[in-house]
Amino acid sequence: MSIPLRSLPVGRKARIASVRADGELGRRIRDMGLVTGAEVEVIGRAPLRDPVALRLPGFTLSLRNNEADYILVEPVD
Amino acid sequence: MSYFHHSDEGQPRSELPTLALAGNPNSGKTTSFNALTGARQHVGNYPGITVEQKEGIAHCDGESIRIIDLPGAYSLTAYTQEERVARRVIGRERPLAVMALLNAGALERNLYLAVQLMEMGVPVSIGLNMMDEARAMGMSIDVPQLSRRLGVPVVETVARTGEGLQEYLRETLAFGRRFEGQPWHPLHISYGPDLDPVLKHLTESLDEEGVGCAPYPTRWLALKLLENDSEILSELSHDKPEVMAHVKEHIDEVEAHLKATLGSSAEAIIADYRYGYISSLLRGVLTRRDDIAQRMDLSDRADRILTHQFLGPLIMLGIMYLMYRITFSLGEVPMQWVEVFFGWLRNIVDVSMADGVLKSMITSGIIDGVGGVMCFVPLILLIFMQIAILEDSGYMARMAYMLDRIFRIFGLHGASVVPYILGGGIAGGCAVPGIMAARTLRSPREKLATLLTVPFMACGAKLPVFIVFSGVFFPGNEALVMFGLTLTGWVVAMLAARVLRSSFIKGPATPFVMELPPYRMPTLQGMCIHAGERTWEYLKKAGTVILAISIVVWAAMAYPGLPEDRVKAHEAAVADIQHQIDASEPGSVMRLSLEKALQEEKGRFSEEALRHTVAGRIGTAMEPVTQYAGFGWEANIALLGGLAAKEVIVTTLGTAYSLYDTEEDSATLAQFIARDKNWNIPSVVAFLLFVLLYAPCFVSLVTIRMETGSAKWAAFSFVFNTCVAMLIATTAYQILSRC
Ligand SMILES: Nc1nc2c(ncn2[C@@H]2O[C@H](COP(=O)(O)OP(=O)(O)O)[C@@H](O)[C@H]2O)c(=O)[nH]1
Ligand SMILES: [Mg+2]
């Protein structure tokens with residue numbers, strides 16, 4: 001079952017199922033290591049609930065909610 | 001001239017063996033570069049853009065080696081300036097080898113850049129930096145195995161302590177020497193059954209048609225074309241437009257096919273395969289043990305407080321306030337030394353030179369002008385030291401993270417907050433460091449919108465004007481006026497940014513995707529080098545221009561002088577009155593009124609003299625327009641003077657109000673203002689708003705030119721801000737004078 005990254009709760013781990021963005025946004029997302037198969041975890045949200053902070057193996061990224069909408073994930077246990 | 005075929009004219013090729021240093025932002029490039037080259041470095045800007053170009057000399061076994069520091073990049077696409085510069089410089093300089101410095105803690109993503117460098121074909125050697133952190137995160141890397149699989153040297157380093165750097169340099173040099181003079185050997189990665197045949201076909205047709213761009217290998221160019229790289233496409237189309245039109249058609253067909261069958265783009269597939277290659281590379285080489293991962297833990301725990309929903313913004317406010325306090329209270333002392341020094345210099349010239357044009361030019365033009373620039377130096381030094389701390393510690397990224405939601409509404413970026421604060425977002429800042437701080441924004445449109453709106457803030461130089469006028473017209477409410485003006489600065493800056501972003505700097509928001517590096521202790525050396533470089537750059541460029549401009553301003557307020565007969569008539573009148581004074585009885589009513597008449601005659605004369613100068617004529621000529629905002633010609637001259645530096649407004653107003661005696665201070669200026677019938681509440685409000693918002697001072701304009709790389713934006717900012725100011729001041733005046 002894949003869900004948009006935006007709706008992944010804080011603390012829940014997931015695996016990226018697909019990245020729907022193309023163009024500049026798609027490129028930036030992929031360059032930062034957000035590709036199919038990568039393991040992510042939402043570790044926090046900014047005080048105004050946007051952007052989100054994401055943990056990938058070895059580093060942390062932040063991206064805006066509307067950018068996270070392009071990323072579908074499958075929660076893992 | 002085309003992008004890649006750079007002419008080497010005027011750029012003597014270095015005799016020294018050259019290496020280039022590449023890596024992701026925050027991988028420790030600057031730290032390594034400094035450790036390798038020490039103070040033997042040279043900073044400049046790549047022509048036309050603000051991406052820094054740094055070169056230095058390192059030593060290895062008694063040999064000197066030139067090292068080029070490439071801008072930090074995550075990839076080698078045409079999307080960001082940093083990436084374009086990085087790949088272009090490699091092609092132009094053809095270094096012996098590229099040192100790809102990786103943050104070992106985020107090895108997969110960092111290899112993404114290294115692999116792309118290898119695909120380009122230049123010899124690459126890999127430095128696994130931040131090994132101390134990687135170990136603390138529970139990572140272990142089989143270095144010999146990785147080196148074997150990639151066929152390049154791999155060395156572990158800790159740039160902060162210098163560990164491994166010399167060895168890394170030595171191995172890179174030896175490796176590069178093996179390929180010296182040979183064509184590049186690109187790494188070939190398989191891009192799967194859908195793209196491999198296309199890539200092969202494209203490469204062959206480019207080769208057949210003789211389309212190319214040495215030293216870049218054809219397959220790399222073909223790959224870039226598949227990745228939809230606009231820069232390479234236009235570069236190749238330059239020579240053979242028909243061939244490329246054909247090639248483009250073919251690529252479009254492939255794209256359409258991929259979209260239909262896989263629902264994906266070539267670009268995305270390429271990235272997936274590249275990451276796939278990296279994972280297979282690391283299989284058995286990299287192991288992560290989660291149970292001892294303390295490094296991240298520490299940073300996460302700090303984040304739980306520092307980006308907490310309520311505490312986070314509070315702490316941020318506190319830090320911003322502290323920064324401002326430190327800069328302007330610590331900076332005040334050396335700033336006064338500079339002022340005292342220039343005052344002393346002025347005095348020396350004053351007593352040792354005979355009165356005349358030359359002396360006036362040296363004191364009012366050169367010394368005051370240059371002194372004005374030098375005064376900013378301590379501030380800039382302090383600001384950049386603190387910015388270096390914010391950046392190196394990782395806190396800057398958190399500020400952007402917390403504020404992005406608000407700033408985005410106005411077409412800006414979370415990171416715009418720092419330039420705004422420094423530029424006067426808290427009254428007392430200075431636009432120059434503010435504009436320079438916009439460098440930390442990696443998104444070009446947001447950066448431009450930020451640096452063009454920073455000058456709307458209530459910088460320290462505007463404060464004297466606010467103080468003088470609010471003291472006279474709003475006694476007891478000075479603080480409120482000050483606060484209102486500071487707030488107005490914010491509102492106008494953000495609204496103007498919104499307007500710019502939907503007109504002159506139109507374009508979608510640059511993707512925010514940003515790294516939040518772990519918190520790190522900044523190093524003193526890094527801080528000093530960073531701040532020193534920026535300050536020197538400011539001194540060099542602003543110093544030369546401001547010198548010329550201050551001489552021009554001085555001349556405009558001194559020339560042309562009144563005709564001989566007017567001067568004679570004035571001198572005669574003065575002598576006449578003086579004569580009568582001498583003849584009158586001391587203390588008598590008669591004498592007092594004569595003394596007053598003398599004062600008035602002198603006042604009239606200096607007013608006439610000023611009106612006669614270029615500045616005076618311009619001020620008078622502007623009256624028909626400025627009268628709608630309630631400004632007279634004296635105010636216009638003051639505002640013109642303020643173009644050089646906002647501090648000048650008060651002093652010019654003093655001159656314009658016949659304060660020929662320079663000893664008089666602003667208290668008497670206040671009296672003059674109070675006495676002048678032209679000033680009333682509406683015109684004062686309009687004037688203060690205008691001073692807050694109108695054209696940036698010359699130093700700011702020079703800085704804008706420097707940072708945008710184009711005089712066009714400096715001119716734009718001049719016109720745009722003045723129009724905004726005029727609009728708001730006139731509206732305020734018209735409304736207030738009617739109610
Ligand atoms: N622990 C650790 N920190 C490092 C190392 N190299 C650099 N740093 C720190 O990482 C931060 C970013 O380094 P910097 O050289 O500015 O990275 P750049 O963006 O690649 O130029 C600074 O705070 C450095 O002190 C290292 O090997 N180990
Ligand atoms: Mg750096």
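This is a predicted model: local features need pLDDT of at least 70, side-chain atom pairs count only at pLDDT 80 or more; totals for chains, interfaces and linings use all residues.
Most residues other than glycine have a negative phi, and most peptide bonds are trans.

## A loop of chain A

The loop between β3 and β4 of chain A holds another residue of this kind, A:Arg49. Phi of A:Arg49 is near 70°, which is positive although the residue is not glycine. With a relative accessible area of 44%, A:Arg49 is partly exposed.

A:Pro51 also belongs to the loop between β3 (39-45) and β4 (52-56) of chain A. The peptide bond that joins A:Asp50 to A:Pro51 is cis, and its omega is about 0°.

## A cis bond in chain B

Chain B has a cis peptide bond from B:Ala214 to B:Pro215, with omega near 5°. B:Pro215 is placed in the loop between α7 (192-209) and α8 (218-226) of chain B.

## Where the two chains meet through helices

Two packed helices are described by the angle between their axes and the distance between the axes. Helix α1 of chain A (residues 23-31) packs with helix α11 of chain B (residues 266-282) at an angle of about 5°, and the axes are 11 Å apart. Angles under 35 degrees count as roughly parallel, and α1(A) and α11(B) are therefore roughly parallel to each other.

On the side of α1(A), the contact is made by A:Gly23, A:Arg27, A:Arg30 and A:Asp31. On the side of α11(B), B:Glu267, B:Ala268, B:Ala271 and B:Tyr275 take part. Sorted by class, the contact has 3 nonpolar, 1 polar and 4 charged residues.

## The overall build of chain B

Chain B contains 31 helices and 10 strands. Its C-alpha atoms fill a box of roughly 110 × 60 × 60 Å, taken along the principal axes. Of the 739 residues in chain B, 55% count as buried.

Among contacts between residues at least 6 apart in sequence, 74% join residues at least 24 apart.

## The nonpolar cores

In soluble globular proteins, nonpolar side chains tend to be buried together. Here the largest nonpolar core has 107 residues. Those with the most contacts inside this core are B:Tyr420, B:Leu452, B:Val465, B:Phe466, B:Phe469, B:Phe631 and B:Phe687.

What does B:Phe469 touch, not counting residues up to four places away in sequence? Its partners are B:Phe474, B:Leu653, B:Ile673, B:Trp679, B:Val684, B:Phe687 and B:Leu688. A second, separate core of 77 residues includes B:Val98, B:Leu146, B:Leu223 and B:Ile270.

B:Gly23 is found in strand β1 (residues 18-23) of chain B. Its relative accessible area is 3%, so B:Gly23 is buried. Leaving aside neighbours within four places in sequence, B:Gly23 is in contact with B:Lys29, B:Pro71, B:Gly72, B:Ala73, B:Leu101 and B:Leu113. The C-alpha atom of B:Gly23 is 8.2 Å from that of B:Met99, a residue 76 places apart from B:Gly23 along the chain.

B:Thr626 lies in helix α25 (residues 614-626) of chain B. Is B:Thr626 buried or exposed? B:Thr626 is buried, because its relative accessible area is 6%. Apart from neighbours within four places in sequence, B:Thr626 is in contact with B:Phe631, B:Asn636 and B:Met726. Of these partners, B:Phe631 is also among the residues with the most contacts inside the largest nonpolar core.

## Confidence in the model

The model scores ipTM 0.96 and pTM 0.83. Chain B averages a pLDDT of 87, and 92% of the residues score at least 70.

Over residues 1-12 of chain B, the pLDDT is below 50. Beyond near neighbours in sequence, this stretch has 20 contacts in the model. Residues 658-667 of chain B also have a pLDDT below 50.

Definitions and conventions. Residues are numbered from 1 along each chain as its sequence is written. Chains are lettered from A and ligands numbered from 1 in the order in which they are written. Side-chain values use heavy atoms; hydrogens and water are left out. A nonpolar core is a set of buried Ala, Val, Leu, Ile, Met, Phe, Trp, Tyr and Cys residues joined through side-chain atoms within 4.5 Å. Buried means under 20% relative accessible area, exposed over 50%, partly exposed in between (1.4 Å probe, protein chains only). Contact means heavy atoms within 4.5 Å. pLDDT is the predictor's confidence in each residue, from 0 to 100. Axes are lines fitted to C-alpha atoms, for helices over the stretch in contact, and angles run from 0 to 180 degrees between N-to-C directions. Helices (H or I, at least four residues) and strands (E, at least two) are DSSP runs, numbered from the N terminus. Angles under 35 degrees count as roughly parallel, over 145 as roughly antiparallel, 65 to 115 as roughly perpendicular and the rest as oblique. Ala, Val, Leu, Ile, Met, Phe, Trp, Tyr, Cys and Pro count as nonpolar, Asp, Glu, Lys and Arg as charged, and the others, Gly among them, as polar.
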